[in-house]
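Bear in mind throughout that the model is predicted.

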Amino acid sequence: MSFRRRLNKLILPLQQGPDLTLGQFLKTVEECCPQTAYAVKLRLHEMADGELKDMEYFFSTLPTPFTAFDTEAYKTSVVGLFMRHMLLAYNKLSFSQVYKLYKSLQHYYHSHYAKPMDGQVPALVADDSEMDLTSIEDTVGDRVDKEELDTPLHESELQSDNTPSRGPLSQKQAEYFLARQAYLLKNDENKALKPAALQEELNNMLKFNPDFAEAHYLNYLNSMRVQDIFLSAHSLLHYFDRLILSGNDGKSNGDEGYGRSLRYAALNLASLHCRFGHYSHFIIFTSVVSWLYTLEQMKGSDSTVLTEDSVKMAAHFCLPYLASLGIQSLVQQGATQGKTAHKLMDALKDTDILHWKHSLSELIEISLAQTTSIWRMYGKSTMSLQQAQLLLNMSSLEPVNFGVQQNNTEGFAVVLCHLAELHAEQGLYGVVSEIILHLKEQFPPHTQHAKLWMLCDLKIQFERHMNEGKYHLAEPLVTAIAALNQTEGLYRKAQVLKALNRNTEAYHILQQLQARCEKAKCTEMVIRVMLSTAELHWESSGFSTALPVLLQALALARQHHLQSLASETILHLAFTQLMLGVPEQALNVLHEAIEPILAHRAVMDKGRAMLLAARCQMAVAGFKPNRQGQAGNTSALDTLNEAAAYFSQLNCKERLRDVHYLQAQLHRSLGQILESNKSAMLFRLLDQELQSPAPPVSMRL
């Protein structure tokens with residue numbers, strides 16, 4: 001049964017698809033049914049290397065569709081209908097036409113195995129369309145045009161097997177080809193033709209039928225794959241012209257379909273103008289309120305009213321897709337405006353009911369990806385990981401056509417990037433490499449969503465080099481990050497400059513970045529910039545001036561329910577208080593943040609928190625260097641051991657050097673000379689390996 005199922009799935013694409021070379025045909029059959037492929041090769045060899053009677057014998061042995069009740073060629077089957085048309089067409093051929101068909105078969109077979117010299121043309125080469133017996137389908141029952149079929153082959157008709165241009169496709173073949181490629185571009189771009197090959201096929205198709213509107217639209221989609229904006233806009237305008245000229249005569253259109261095609265094309269043209277910032281053109285081309293939300297968001301305006309109007313209109317006209325899309329837009333905006341998590345999740349829960357009720361698979365994926373991002377923004381890494389796994393393990397509700405499962409949407413790219421970042425935060429760089437490799441295969445560099453994993457990969461590499469103290473490797477990545485996201489690039493540039501002690505340059509960049517992010521209402525980046533600014537104040541011992549900046553950052557983080565950034569800010573506040581000489585208060589503040597940091601933050605943050613806690617414990621116990629008999633520092637020693645374990649996971653040698661320095665002093669104060677000497681030796685080895693002066697431990701978080 002499995003053999004027959006595979007064979008049936010193979011037959012329909014071969015009948016409806018465009019003509020294949022013998023190599024392509026045999027490869028397709030062999031991948032599905034190796035035994036059948038061998039039988040096909042054998043029969044073709046018998047006919048092509050034999051005589052004309054061998055081909056005639058083949059047709060005489062074919063089962064008749066009206067009598068083959070127990071075979072695949074029964075009259076009501078797909079194969080039976082195809083064989084009926086083929087036999088009727090063959091029986092109407094004259095002897096000269098049969099001979100011409102036989103010579104075409106011989107060329108079709110021998111051109112696959114023959115390897116002519118460069119510049120040579122085979123002696124007799126016929127167009128592959130000569131073998132297309134189904135092309136006579138429309139004339140069955142009428143007089144066959146003998147003058148056209150009996151004319152000898154001219155040199156203009158001769159083409160080598162390597163020539164890319166082919167004869168025109170039938171209407172059915174063209175429609176099948178376009179539908180298949182469009183479906184693959186949407187659901188699994190890797191299985192579609194390469195951009196250059198698809199462009200060649202479309203050019204060949206448009207050469208014979210320049211008014212084929214659907215071919216122009218596929219040309220637009222293919223151009224967008226390689227970011228050829230000029231050609232994509234050109235193709236989209238051609239699609240408008242051809243579609244308007246053809247009216248609603250297309251088989252797949254009708255009155256409603258014709259209007260829908262124009263509306264979707266208008267939206268695509270509007271999105272192109274939106275990419276270039278042509279907002280006036282954008283408004284001219286579209287009146288859909290949910291798209292205006294995107295426009296207002298890009299301009300930095302509040303679009304809540306527009307989105308709410310869109311949801312109300314969609315609900316009034318019973319349009320669940322648009323209503324859900326509008327609610328998802330409101331949820332995204334609510335997350336950036338500081339709405340509480342339970343309100344956002346309740347809204348998404350209500351839309352999920354609609355999604356499952358109406359089988360809106362695309363919106364289900366968007367909802368899960370959005371939930372993943374929201375939990376991550378709020379600092380709940382466990383919940384974010386759970387939502388990501390839900391999407392990756394969910395079976396799509398979309399019909400699986402052409403053997404392709406829909407798994408190359410933006411939602412999949414987003415959650416995979418989140419997974420990569422979550423694993424990188426835990427120091428699992430081997431797993432990160434596998435995820436990034438899968439993203440590269442699933443979303444090649446020229447595809448629409450490739451920028452997501454490119455930026456993700458660069459940010460992970462940057463953070464890894466910064467953690468390891470390899471600033472010379474992190475610095476070149478800044479330019480690449482800025483090319484994909486200017487805001488992220490500026491922030492990373494300031495980080496590198498700060499690490500290289502170029503504090504004045506870093507400060508100017510951070511001030512510019514903060515002003516830009518406040519205007520764009522990018523709260524997360526504003527808080528990160530404030531934290532970096534406070535660290536610059538530390539460098540000049542301005543701990544009192546850093547305090548107001550940190551308190552403002554903490555207020556913003558709590559207002560927008562950003563627990564992760566709030567914990568990071570509390571960590572900075574505790575360090576500032578320690579430097580201001582109030583270690584008891586610093587330890588109390590740190591206890592507020594230590595639990596969420598250990599539960600949800602990165603390994604680097606856990607190590608920094610434990611190192612700071614140890615230093616606070618030492619200060620509270622009244623630790624003095626070179627003084628023995630300080631028994632109150634035992635708990636600080638345990639905390640340092642835990643911090644060392646975290647830093648070791650990331651190979652963070654600069655931080656390990658600080659830990660070993662403090663361990664050596666603590667062991668000596670406790671009278672543990674052997675342990676003190678061991679920690680001192682580890683410190684010296686790391687200091688020699690790093691070949692850079694160790695900054696004062698007391699001046700760095």
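Begin by selecting I374, L439, L612 and F647, which are the residues with the most contacts inside the largest nonpolar core, a set of 101 residues. Next, colour helix α30, residues 603-620, for this helix supplies the largest share of that core, namely ten residues. Now centre the view on F647 and show what surrounds it: leaving aside residues up to four places away in sequence, F647 touches M604, G607, R608, L611, C652, R655, L656 and V659. As background, nonpolar side chains in soluble globular proteins tend to be buried together.

The next stop concerns aromatic rings, of which seven pairs are counted in this model. Select Y217 and Y239, whose rings form a tilted pair, 5.0 Å centre to centre with 55° between the planes. Because Y217 lies in helix α10 (residues 213-225) and Y239 in helix α11 (residues 229-246), the pair ties together parts that are 22 residues apart in sequence. Is Y239 buried or exposed? Y239 is buried, with a relative accessible area of 8%, whereas Y217 counts as partly exposed at 22%. Then select F58, F59 and Y90, which together form one aromatic cluster.

Finally, turn to the surface and select M313, F317, L319, Y321 and L322, which form a nonpolar patch with about 450 Å² of accessible area together.

Key
Residues numbered from 1 in each chain as written. Predicted model: local features only at pLDDT ≥ 70, side-chain atom pairs only at ≥ 80, totals over all residues. Heavy atoms only, no water. Patch = residues over 30% accessible without salt bridge, like charges linked within 9 Å, V, L, I, M, F, W, Y side chains within 5 Å. Areas by Shrake-Rupley, 256 points an atom, 1.4 Å probe, with all protein chains shown as cover. Salt bridge = Lys/Arg side-chain N within 4 Å of Asp/Glu carboxyl O. Core = buried A, V, L, I, M, F, W, Y, C linked by side-chain atoms within 4.5 Å. Buried < 20%, exposed > 50% of the residue type's maximum accessible area, 1.4 Å probe, protein only. Helix = DSSP H or I, 4+ residues; strand = E, 2+ residues; numbered from the N terminus. Contact = heavy atoms within 4.5 Å. Phe/Tyr/Trp six-rings, centres within 6.5 Å; stacked < 30°, edge-to-face > 60°.
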